[in-house]
Amino acid sequence: MKSCIVSRPGRSFVGADYSQLEPRVFAYFSNDPRLLAAFSGTDDFYSVIGMEVWDKTDCTPQKEGSPDAFGVKYKKLRDQAKVIALASTYGATAHQLMHATGKTVNETQEDIDAYFERFPGVRQMMLDSHEMAKKDGQVTNLFGRPRRMPEAKKIVKIYGSMDHAELPYEVRNTLNLSVNHRIQSTAASIVNRAAIRFCNNIKELGLDCQLVVQVHDSLVAECLDEDAETVALLLQDAMENTVELPTIALEAVPKIGKNLSEV
């Protein structure tokens, strides 16, 4: 389908997709040194999690290129780690995840419990988000953009210090959205700010180029063929350097092509 969307004659598409933007923001908020380190070298984020959750010591957390990599030796477990890592943080239960993990409810719950036990910073980030919502009736992303949830201020008055898992679904859902907002809204703002900077830089240089589409965490521009290399550098710079997370680097490698499938 993407190959059907082509650039105009004499023009090329230049596109870049953030590499694991949401997991990077997630790791930043959790402040867990192992998750942060996964983006500073050749480690794979989900392999780091999987090796801890299932206590695998006969492999490495490398992304690829090694027969001893966790993702090679335990491909199914890496897939399960990918399911559990973000979904359970956003409040998904073992009942909701059991079909994706291919395990029973009890087995899935054991994996979720192990995940939060091995990565306490993730659990604390969740609790901090819940408390922010209950105290202020809103949560904010990294840039201060709020998600207002005034109903959250009534939770303590009605339910006291009841454990999160025992709260009614509607109440848990409100608190789960507080975690979701901090991570996903921050990621969305990073993309938006990069797009604005890129467009401003293009205008300043007087290039015949337009940002034509955003697809999730990717940006695609159309420019004259002779400007494609320059535009690629500008796009990469805007996406990687407009926002700088103090503990983690952003990565967006550009591609040049004549149709959307190539970028």
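At 3% relative accessibility, Arg24 counts as buried, where buried denotes under 20% relative accessible area, exposed over 50% and partly exposed the range in between, for a 1.4 Å probe and protein chains only. The structure is a predicted model, in which local features need pLDDT of at least 70 and side-chain atom pairs count only at pLDDT 80 or more, whereas totals for chains, interfaces and linings use all residues. Residues are numbered from 1 along each chain as its sequence is written, and side-chain values use heavy atoms, with hydrogens and water left out.

Arg24 belongs to the buried residues of helix α1, which also include Leu21, Pro23, Val25, Phe26 and Ala27 as well as Tyr28, Phe29 and Ser30; helices (H or I, at least four residues) and strands (E, at least two) are taken as DSSP runs and numbered from the N terminus. Because 9 of the 10 residues of α1 (residues 21–30) are buried, this helix is largely enclosed by the rest of the structure. Asn31, which follows α1, has a positive phi, near 60 degrees.

Arg24 also forms a salt bridge with Glu251, with the closest N and O atoms 3.6 Å apart, a salt bridge being a side-chain nitrogen of Lys or Arg within 4 Å of a carboxyl oxygen of Asp or Glu. Since Arg24 lies in helix α1 and Glu251 in the loop between α11 (228–241) and β6 (252–257), the pair ties together parts that are 227 residues apart in sequence. In contrast to the buried Arg24, Glu251 is partly exposed, with a relative accessible area of 34%.

A search of the whole structure finds 14 salt bridges. Among them, the side chains of Arg78 and Asp44 meet at 2.8 Å, N to O. Arg78 is placed in helix α5 (residues 75–87) and Asp44 in the loop between α2 (33–37) and α3 (45–53), so that this pair ties together parts 34 residues apart in sequence. Both partners are buried, Arg78 with a relative accessible area of 19% and Asp44 at 7%.

A further salt bridge joins the side chains of Arg197 and Asp237 (2.7 Å, N to O). Here Arg197 lies in helix α10 (residues 169–205) and Asp237 in helix α11, and the pair therefore ties together parts that are 40 residues apart in sequence. Arg197 counts as partly exposed at 28% relative accessibility, and Asp237 is likewise partly exposed, with a relative accessible area of 27%. Elsewhere, salt bridges that share partners join Asp32, Arg34, Glu52 and Arg118 into one network.
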